[in-house]
Every structure is written in C-alpha cells, then in structure tokens.
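Here are my notes on this model, point by point. Please read them with the structure open.

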Amino acid sequence: MELVSVLLNRAWRLTGLSDKRSRRMEEKALEVYDVIRTIRDPEKPNTLEELDVVTEKCVEVQELGDDEYLIIIRFSPTVPHCSLATLIGLCLQVKLQRCLPFKHKLEIYITEGTHSTEEDINKQINDKERVAAAMENPNLREMVEQCVTEPDD
Amino acid sequence: MKGALELLQRVSAHPDARCWCVAWSPSGSLLASCGGDRAIRIWGKEGDSWECKCVLADGHQRTVRKVAWSPCGKYLASASFDATTCIWKKTNDDFESLTVLEGHENEVKCVAWAPSGSLLATCSRDKSVWIWEVDEEDDYECVSVVNSHTQDVKHVVWHPTQELLASASYDNKVCIYKEEDDDWECRATLEGHESTVWSLAFDPEGLRLASCSDDRTVKIWKQSTAGDGSSVESWKCLCTLSGFHGRTIYDVAWCRLTGALATACGDDGVRVFKEDPTADPEQPVFFMSAHVPKAHSQDVNCVSWNPKEAGLLATCSDNGEFAIWKYSSDS
C-alpha cells in the first residue's frame, strides 16, 4: 500500500506541478474576467462581454513571483473610434485596480489588427500617469464610473 | 564590490493615494513628499524617526506630481495636474503660498530650480517646457516657452553648473536647451529610447546625463562637441543598462557625493548602480551594486539621494509610502 502511494506521489509530482500552475493561472484569469465582463460599453447599453469586446480567452495571467501575477488583457473595441477605445482601456484599468483582490501588474492592449492607431492607444492606456490624470477630469471620471459601477454598488 | 541597501524607516505619507515624489531640502534635514491626495507634506527627523512637520493641503486642486526645493532652501515649488505650479516660502516652521504660476494648458508634470536660484523650469502634457525668471522681489516671469517635443513632457532637469536644461518626453526623446539671445531653444535631441523617457539625472560633474525609460533601460549620454570650436552640439549614448529592470523605470538619481546611480522601478524594486573605476570613461561600465526587489509593495515612483549625508536615500511608492534607506557600497 505504502509503495503504491509513494509511486503515485512521485508520478503526481512529476506532472502535477505544471498542471497545478496552469490551473492556478486559469483560475486567476477567470477571476480577472469575472471583474471585467460586466463593464458596460460607453456607447451601447451592453456589457463588454455581450459585445465580445472581452472574452475569457482575452485574459492571460503569468506568475511574477510570490503571490503576484502579471495580467495581460487584449480587448477588441467594437468601433474604430479612437477615444472610445481609450475610454474602454481606462475602464478596464480602473475596475481592475479597484476590484482585483490579489497583487498584480497590469498590461492592457487592443487586439492586433482591430484599430489603426492601436500603438498610440496602447501607449496611453498603459501610462499610469496619463490614466491617473484622466481620472481627475470630472467628465471622464463620470463616464468611467457609469461604465464600471455595478448596479448594486 | 557588493553593496547593500538597509531600510531605516517606512512612513505612510499619503494614505489611500499615490506618493509621487520625495525631495530632500538642500540642507538635507527636511524631506518634502507629495501625492494623489493633493497635499504636500514636510518631514523632519525627531530623534530616530521622521515626523510630519507640516501639511500644505490647499495649494492644488488635483494631484501634486512633483516638489522641488530652491537651492537656498527657502522656497518650495510644487507642480500639479491642476495645470499650475505653486511657489511656497518657508517661514519658521511653516510654508505660505507665495504665488501660483499659470500658463500651461494641462497637467504640469515637473518643476526644477536652476542652481543659480533665479531660474525655474516647468513642463507639461501640453508638450511645452516653460522657463521662468525670478527676481529679488520674488516676482516670477515667464521668459521662454519651448515646443520641441511632440508629446507629453515628463521631466525637466538643470545642469549642475552650466545654464543648460534637459527634458524627457512621452515622445521617447530627450531635448537639451540653451539660452541664445534671451530666448531658450532646443540645441540637441537625444534619440535611442524605445518608449517614454520618464526621468533624467546629470552626474556630479555635469559631464554625463542618465535617462530612464518605459523601455526598461537606463542610458548614459555624453556631449561631444566638434573640435573646431563650432557650436555644433551632439550627444552620444555611451552605454545602456538593460536586463536589470523588470518593468518601467520611473526615476533615476545620481548621487552628488558618491557618484552612485539609483533607480525607481515599476517592478517595486530599488536598485543602485556603481561605475567600474577601471573602465574607459568613453565606454563606461556600470554594475548593479544593490537591489531590493520588494522595496515597496507597489511601483516605486521616485528616488532621491540626500545632498549632505552620503548613502542616505529616499524612495516613494504608489502605496502612499516613502522609505528611507542607507546605502553602503561595501557590505
């Protein structure tokens, strides 16, 4: 009996570690997705999930170290309008900053090929100083709050 | 030569907000901090610990991004996202608002005093760099507005001995400015970084300039003038420190007393680099002498060497804290 459990343990340890890790990453990715899928689109009366702006697959999680994760989100804005894409990026930043319980670093990008000025938008969304200043603009802040606030908040 | 960074104290300076900047007074006895709570705090040592001496809470309507002491230590300038720069005058144990410099179209990202004390530079997301002159009556006048950058200007720094100014921008470039016929103009543009340049620091002699970037590298630049005495100015990149930082490098500081180079990084780490004394000055070699991977629990935004006490370093973070460290080059 004991020998079997030792063998089982060894076999489990050989394959289990990488499985455990990828399962943990998947769990984290789902946690992240759960936070972002209910964000409302700035223009349409739908959530980002309903409009396929974000999908489960669009969240990637990597381990950075002790209980800290790198989250990479690639979203597809519905229209090529630059300011709306930036606004969605801003909503993603804000909601995750507020709602994610675990230690993380965040990178948000527009899915390649979905926008003509994606490099410009990506740079803005990932500049925390620009994001912070934007959130101090009352009009922008109001728009973001409307998109990220849960109905029962 | 392995060094070490020892934590002396951690202070929760701006609760529930980012601490964006820390700056030592010229005497080295006071530390100013500022942040997302729109306040500036002045800290002084009482016994073994740093205590808050005063709070300047009504100067700005939005985040205070940077604070800078005048060379004489009697004035403090604060740059804010509210598009203004406030000048404060020290009176005994307090500070009073002397004047508010307006003009930038949006967020002011940095303010810096020239070593002479009579010039001030500010820069903004409006892509411009403004140079202000101050006279003996404490009157401030804008003498130049320079538009050399094509994007948000993140940082301005004065040369330690010459009347020369450098700026760093979201356009990935560094600009060097000099005065010509009462007007300030861009004399050189340093290209090489692959993303936003967040901060700059001159070495103690003013011979070289360090820049740090979102591209996770630090570059060391030196001016090379043509030998024929012409005013052709070009700067070349002497070396690039890459592979050390895990994320955006938000600040770099060059110690006037020891020549050590410190960096503030978005991977929560603080690093100190030293120069290999045996290397060719035209091809400098820097090695990482000390590294604290989790100096703070969030991004480190600023790093500042104490001007009087060698090895004393202040850092601050998105978690609202600042920390005081003692760096020793031989551990």
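1. Start with a loop in chain A. D52(A) sits between α1 (2-36) and β1 (59-65) of chain A, in the loop that joins them. Its backbone deserves a look: phi of D52(A) is near 60 degrees, a positive value in a residue that is not glycine.

2. Bear in mind that this is a predicted model. The scores are ipTM 0.96 and pTM 0.94. Chain B has a mean pLDDT of 95, with 97% of its residues at 70 or more. For chain A the mean is 87, and 85% of its residues reach 70 or more. Within chain A, confidence is lowest in α1(A), with a mean of 78. Confidence in chain A is highest in helix α4 (residues 128-134), at 97.

3. Next, the fold of chain B. How many helices and how many strands does chain B have? The assignment gives 0 helices and 28 strands. The radius of gyration of chain B is 19 Å, close to the 20 Å that the globule rule gives for 331 residues, so chain B is as compact as a globular protein of that length. Along the principal axes, the C-alpha atoms of chain B fill a box of roughly 55 × 50 × 30 Å.

4. Now the interface. On one side, 30 residues of chain B take part; they are in contact with 18 residues of chain A. The two chains bury about 1,800 Å² between them, and 40% of that is on carbon and sulfur atoms.

5. Between chain B and chain A the count is 13 salt bridges. Residue pairs in polar contact number 20, both partners being at pLDDT 80 or more. The residues on the side of chain B that touches chain A divide into 16 charged, 9 polar and 5 nonpolar.

6. One cross-chain pair to check by eye is K105(A) with D268(B). They form a salt bridge, with the closest N and O atoms 2.4 Å apart. D268(B) lies in the loop between β23 (261-265) and β24 (270-275) of chain B. D268(B) is not a glycine, yet its phi is positive, at about 75 degrees.

7. Last, salt bridges across the whole model. Over all chains, the structure holds 37. One pair lies inside chain B: the side chains of E275(B) and R208(B) meet at 2.8 Å, N to O. Why does this pair tie together parts that are apart in sequence? E275(B) lies in strand β24 of chain B and R208(B) in strand β19 (residues 208-213), so the pair ties together parts that are 67 residues apart in sequence.

Technical notes: Residues numbered from 1 in each chain as written. Chains lettered and ligands numbered in written order. Heavy atoms only, no water. Contact = heavy atoms within 4.5 Å. Buried area = accessible area lost by both parts, 1.4 Å probe. Salt bridge = Lys/Arg side-chain N within 4 Å of Asp/Glu carboxyl O. Polar contact = N/O pair within 3.5 Å; in protein donor to acceptor, adjacent residues only side chain to side chain. Nonpolar A, V, L, I, M, F, W, Y, C, P; charged D, E, K, R; others polar. pLDDT = per-residue confidence, 0-100. Helix = DSSP H or I, 4+ residues; strand = E, 2+ residues; numbered from the N terminus. Rg over C-alpha atoms; globule rule 2.2 N^0.38 Å.
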